[in-house]
Amino acid sequence: MIIRPLQRKEIPLIWQIDRREVIHNIYHLRDGEFVLVPDYFDMQGWPPGEAEHYTLILINCFDCGGTFWGAFENGKLVGTGVLESKFIGAKHDTLQLKFLHVSSSQRKQGLGTKLFKLAVEKARSLGARKLYISATPSENTINYYTRLGCVLATEIDPELFALEPEDIHLEYIISD
């Protein structure tokens, strides 16, 4: 496995990541608490149109100074992490973890955690105090982020919430 910075021209490779997952439960927020609710989704990959829509967003992120990492196995992209460069929050001390995806065959082997830690270290080096994560509400995703130490965001970014109102908005406090 090789983890290295992604180049701009490699951004379309992100859609090679195998996003398959069967989801049995999702989280909702009720009175500031996680509530696990049965719900079934058989994700067979990226939803139609998502690659076209998000490629432009990711290219813009790259062009504005975002940091992209790619994890390659046998020359194929199997994981990616993307850190936004624009500071958000009332104190302008937060950077968004814009994207973190790992192919289904590579999950639960530490790759996502390596990509997450790279984002934390880069954010720290840029002076960020927090990471903001707009996370898919699936049980596996939320459990993953909470195991890493992420908690409910104390300050919800209105722009990101408007884009993903069904997501669970989390933050990770970056220690010194």
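How many of the nine residues of strand 6 are buried? Eight of them are, so strand 6 is largely enclosed by the rest of the structure. Here, buried means under 20% relative accessible area, exposed means over 50%, and partly exposed lies in between, using a 1.4 Å probe and protein chains only.

## About the model

This is a predicted model, in which local features need pLDDT of at least 70 and side-chain atom pairs count only at pLDDT 80 or more, while totals for chains, interfaces and linings use all residues. Residues are numbered from 1 along each chain as its sequence is written, and side-chain values use heavy atoms, with hydrogens and water left out.

## Overall layout

The protein chain has four helices and nine strands. Both kinds of element are DSSP runs numbered from the N terminus: helices are H or I with at least four residues, and strands are E with at least two. Starting at the N terminus, the order is β-β-β-α-β-β-β-α-β-α-β-α-β. The radius of gyration is 16 Å, close to the 16 Å that the globule rule gives for 176 residues, so the protein chain is as compact as a globular protein of that length. For reference, this radius is taken over C-alpha atoms, and the globule rule is 2.2 Å times the number of residues to the power 0.38.

The C-alpha trace spans about 45 × 40 × 30 Å along its principal axes. Of the 176 residues in the protein chain, 44% are buried. Looking at contacts (heavy atoms within 4.5 Å), 63% of those between residues at least 6 apart in sequence join residues at least 24 apart.

Seven strands make an open sheet of mixed pairing, in the order 1-4-5-6-7-9-8; two strands pair if DSSP finds at least two bridges between them. At the edges sit strand 1 (2–5) and strand 8 (151–152), each of which pairs on one side only.

Back to strand 6, which covers residues 94–102. Its pairing with strand 7 (residues 130–135) is parallel, over three bridges, and Gln96 stands opposite Tyr132 in strand 7. With strand 5, the pairing is antiparallel over five bridges, and Val82 stands opposite Phe99 in strand 6.

## Helices against the sheet

From strand 6 the chain passes through helix 2 to strand 7 in a right-handed β-α-β crossover. Right-handed means that, with the strands pointing away from the viewer, the path from the first strand over the helix to the second runs clockwise. Helix 2 (residues 111–125) packs on the sheet and touches strand 1, strand 4, strand 5, strand 6, strand 7 and strand 9 (168–173). The direction of helix 2 makes about 160° with that of strand 6. Such angles run from 0 to 180 degrees between N-to-C directions, with axes as lines fitted to C-alpha atoms, for helices over the stretch in contact.

Helix 1 (residues 50–63) also packs on the sheet, touching strand 4 (67–73), strand 5 (76–83) and strand 6, and its direction makes about 130° with that of strand 6.

## Cysteines and a buried glutamate

Searching the whole structure for disulfides (pairs of cysteine sulfur atoms within 2.5 Å) finds zero. Cys61 is in no disulfide, and its nearest cysteine sulfur, that of Cys64, is 7.5 Å away, too far for a bond. Cys61 is buried at 1% relative accessibility, whereas Cys64 is partly exposed at 49%.

Glu10 lies in the loop between strand 1 and strand 2 (21–30). Glu10 is buried, with a relative accessible area of 10%. Not counting residues up to four places away in sequence, Glu10 touches Arg4, Pro5 and Phe72.
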